[in-house]
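Here is a short briefing to read with the model open beside you.

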Amino acid sequence: MIENKLQQAVAAALKKLYSIEATPESVVLQTTKKEFTGDYTLVVFPYVKQARKSPEMVANELGAAVKEMVTEVCDFNVIKGFLNFSIADNYWVSFVGENRNNAHYGLKTPAADEKPIVVEYSSPNTNKPLHLGHIRNNLLGWSVSELLAANGANVKKVNLVNDRGIHICKSMLAWLRYGNGETPESSGMKGDHLVGKYYVEFDKHYKEEVKQLMSQGMEEDEAKKQAPLMVEAQHMLKRWEEGDKEVRDLWNKMNSWVYAGFDETYNRLGVSFDKVYYESNTYLLGKELVQKGLDMGVLFRKEDGSVWCDLTGDGLDQKLLLRKDGTSVYMTQDLGTALLRTQDFDAKQLIYVVGNEQDYHFKVLKLVLGKLGFDWGEKLYHLSYGMVELPNGKMKSREGTVVDADDLISEMEATAEEMSREHGKNDGMSEQQLKELYHMLALGALKYFILKVDPAKNMLFNPAESIDFNGNTGPFIQYTHARIRSIVRKAEEQGIHDQEPVSVPSLNEKERAVIKCLHDMPGVVASAAENYSPAMVANYAYDLAKSFNSFYQDTPILREEDVAVKTFRVQLCAVVAQAIKNTMHILGIEVPERM
RNA sequence: GGCCCUGUAGCUCAGCUGGAUAGAGCGAGAGUCUUCUAAACUCUAGGUCCUGCGUUCGAGUCGCAGCAGGGUCACCA
C-alpha cells in the first residue's frame, strides 16, 4: 500500500530533519483535491511549531526527503502548508495489472475459526405484515453482516421472532370473535396480511368499547384497562403462558400462516438467516434470570408482586421485569435471548439491528445484565437506525399509514419493467430472464435508496414520487456494470486476452482518476465496517461508477489502436466491474451482465 | 420537564478521525448519439453549513448555550 509507505517515510523524515517522534499511523494523509496537482496531500501545520520553521520550508524539506525515500513518488509541490505528492504512473499501471483477475478485489476472506459476530436483525412481530420500516431494518442487517464478513469477520445472522405477548393475543381474540374461520386459503390473502387484518380489527372494536365506557362517565385511563376486550386479551396471555391447549393450538395455527407470509417477503428481499429464535422459546430463560436476580438481591419485588430493577443509581428509573400477574415483558425475554446467544455461539460480539426508538431499552438491557453479574454486557452493540418517515410524518400500522413491503416491491418491479421497455435494449432475452432482470433492477433501486442514507438518520420516503432509476441510484451503478461487462465480452471476442499484465508509458487524466478511485476501495470497506455503515460503501460505489462513466465517455477503449493501451484499458474495465460487483454485493444488490 | 438523535442548495442526501475556494443527484436552463449500451456525459444557475459564543495557525466537523424537528422516559413491543 502506497499510503503506508508514505506515512512511514514522513515519520522517518520528521525524525531525521526535526527530531519529531511520530508514529506512521499518526501521519494523516488525504487525497489531493482535484483543483491541485498531486495524488496525496500532507498537511504540515501540525509539525511547524516543533520544527521551528515556516510551513513552506517544512513542506519543501519533507517533500524532498520523502521523494528520496519512496521511489513511487515522482514529484511534489507545496502550496502554503500543503505538501502534495505525485505518484508515478507506473505504480497505478502495475496496480491494475496485479488485480486484473482478482475476483475478491477489496474483500478479505472471512476467518471461519474466529469467534463469531452475531447479528440480529428483522425481528418481526407476528401480528403485522412487514412495512417499509422493516425493509430498512432487513436491508441494514443483511448489509452490515456482509460488510463485516468482507472485512474478515465470521458473521452469523440471526432472527428473533416476536411470537408471543399481549399483541398476539389481540389478533387471536379478534379472529375468534370476528373471523368466521377465515384462512389464507379461503380468503386468498397472504397469511401475514390476514393476521394483520385481525390485529387492526381488534383495535377498532377495542376503541369502540373504550369510547362506550367513557360515555358512561369513566376516565380514559380506567376505560382502557376495563374494556372487556383488553381484559380478555390479558386473560388469554395468562392462559397462553400456562400452556392452555386450546390457546396454544390457535396460536400455532395463526403463526404458521404468518411465517409462510414472512418467508415469501424475505425471499423477495433476498435476505436469510443462519438461525431463527422464537421468543416463545426464550422468555422462560429470561424469567429464570429474573428469579436468579431476586435471589441475589439485585432485583426487588413490589407489594403487588411485580418485579423491578432499580437503576436510579445509574441515572435512570426503575424498570419493570415481570408483571404482577407473573407474565413477562419485552425486557425479560431479551435478557434470556442475550444469554442464550452468547452460549450458542461463544460470540465475540452481539449486534442488534433495532430502531433508535429503543435506544433506552438497550441502555437498560446492558445495565441489567451487569447487575445480574454478567461481564459480557459490553459485547452488546445496538446498531440504532432512524425511522422512515412519510411526507406527513411517521408510519402508523393502526392508522393504515404504512407502506406495505410486498406492495412496494411489486410497484418497483412494475416500474423497472416499464423503464426497461422504454429503453428497449433487451431484445433476445427470454421471459424468465426479463423477469429476473426487472426484479434485480427493482431491488437495486430500493436497496440503494435505503442504504445510501446514514443509518443514524431518519429518512424520507415520498410515495407520490416513485424511487428514482437515474442519477445517484442503484440502477445507475447496475447500468455502469452492464456497460463495462459488454466491453469486456467484446474484447474477448476480438481475442484481446486479459491474462498478461501490459505496460503502458503513461495515463490520461480520466484513467488516473478511475484507478485512484478503485485503489481506495479496501480503505473504504474497512472504515465502513468500523462505522457499521453500508452508506459509506454505497456512496463509494456511486463515486466509482461516476468516475468510470466520465472516463468511458471520452476515452476510446476498443476503438484504441495501440494494442497495449487497448489491452490495458480492457483490464482496467474488468477490475472496475469486479469492484462494482463486490461493493454492490455488500449492499445485497446484484448486478446484471446486460440491461 | 429529564435524557438521546438530527439540523448542509428549492427537494433528497454526501462530506471519515478538525485542513486548501463546502459536494452529488433530482428539479430548472444549455449542449452531446453516422452508439465501445444516452438508465450516460459536459456546461450554467443555485449556500448565513439553524443561531450565538468559545477552543485553534485553521471549525460544516470539537465544546457550551439557545432555537427547530423527531424519539424516549408504559404492568406496549
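Helix H6 (166-178) and helix H11 (245-269) each contribute at least two residues to the lining of the largest cavity. Please keep in mind that this is a predicted model. The points below are grouped by topic.

**The cavity**
- Searching the whole structure turns up one cavity of 30 Å³ or more, and the volume of the largest cavity is about 30 Å³.
- Thr126, Asn127, Ile168, Ser171, Met172, Val195, Met254 and Asn255 line the largest cavity.
- H6 is the biggest contributor to this lining, with three residues.
- The lining of the largest cavity is made of four nonpolar and four polar residues, with no charged ones.

**The surface around RNA strand B**
- RNA strand B is surrounded by 67 residues, and the closest are Phe82, Asp304, Lys425, Tyr479 and Tyr552.
- Of the atoms of RNA strand B that come within 4 Å of the protein, 63% belong to sugar and phosphate.
- On the phosphate side, an N or O atom in the side chain of Arg323 is 2.8 Å from a phosphate oxygen of RNA strand B.
- Tyr479 places a polar side-chain atom 2.3 Å from a sugar or linking oxygen of RNA strand B.
- For a base, look at Thr555: one of its backbone N or O atoms lies 2.9 Å from a base nitrogen of RNA strand B.
- The surface near RNA strand B comprises 27 nonpolar, 20 polar and 20 charged residues.

**Domains**
- Chain A is assigned domain 1 (2-87), domain 2 (163-273) and domain 3 (406-586).
- The centres of domain 2 and domain 3, taken over C-alpha atoms, are 45 Å apart.
- Contact between these two involves six residues of domain 2 and seven residues of domain 3.

**The largest pocket**
- The volume of the largest pocket is about 1200 Å³.
- It is lined by 40 residues, of which Asn125, Lys128, His134, Glu357 and Gln358 are the closest to its centre.
- S11 supplies the largest share of this lining, four residues.
- By class, the lining of the largest pocket has 14 nonpolar, 17 polar and nine charged residues.

**The second largest pocket**
- The second largest pocket holds about 680 Å³ of space.
- Among its 21 lining residues, Thr32, Lys34, Gly38, Ala513 and Lys516 are the closest to the centre.
- H18 gives the largest share of the lining of the second largest pocket, six residues.
- This pocket lies between domain 1 (2-87) and domain 3 (406-586), because both give residues to its lining.

Note on methods: Residues are numbered from 1 along each chain as its sequence is written. Chains are lettered from A and ligands numbered from 1 in the order in which they are written. This is a predicted model: local features need pLDDT of at least 70, side-chain atom pairs count only at pLDDT 80 or more; totals for chains, interfaces and linings use all residues. Side-chain values use heavy atoms; hydrogens and water are left out. On a 1 Å grid over the protein atoms alone, a cavity is a set of points where a 1.4 Å probe fits but cannot get out, and a pocket is an open set with protein on both sides within 12 Å along at least five of seven lines; lining residues have an atom within 4 Å of a point. Grid points are joined across faces, edges and corners, and a volume is the space filled by probe spheres set on the points. Ala, Val, Leu, Ile, Met, Phe, Trp, Tyr, Cys and Pro count as nonpolar, Asp, Glu, Lys and Arg as charged, and the others, Gly among them, as polar. A residue is near a molecule or strand if one of its heavy atoms lies within 4 Å of it. A polar contact is a pair of N or O atoms within 3.5 Å; within protein, one must be able to donate a hydrogen and the other to accept it, and residues adjacent in sequence count only if both atoms are side-chain atoms. Domain bounds come from an automatic or database domain assignment. Contact means heavy atoms within 4.5 Å.
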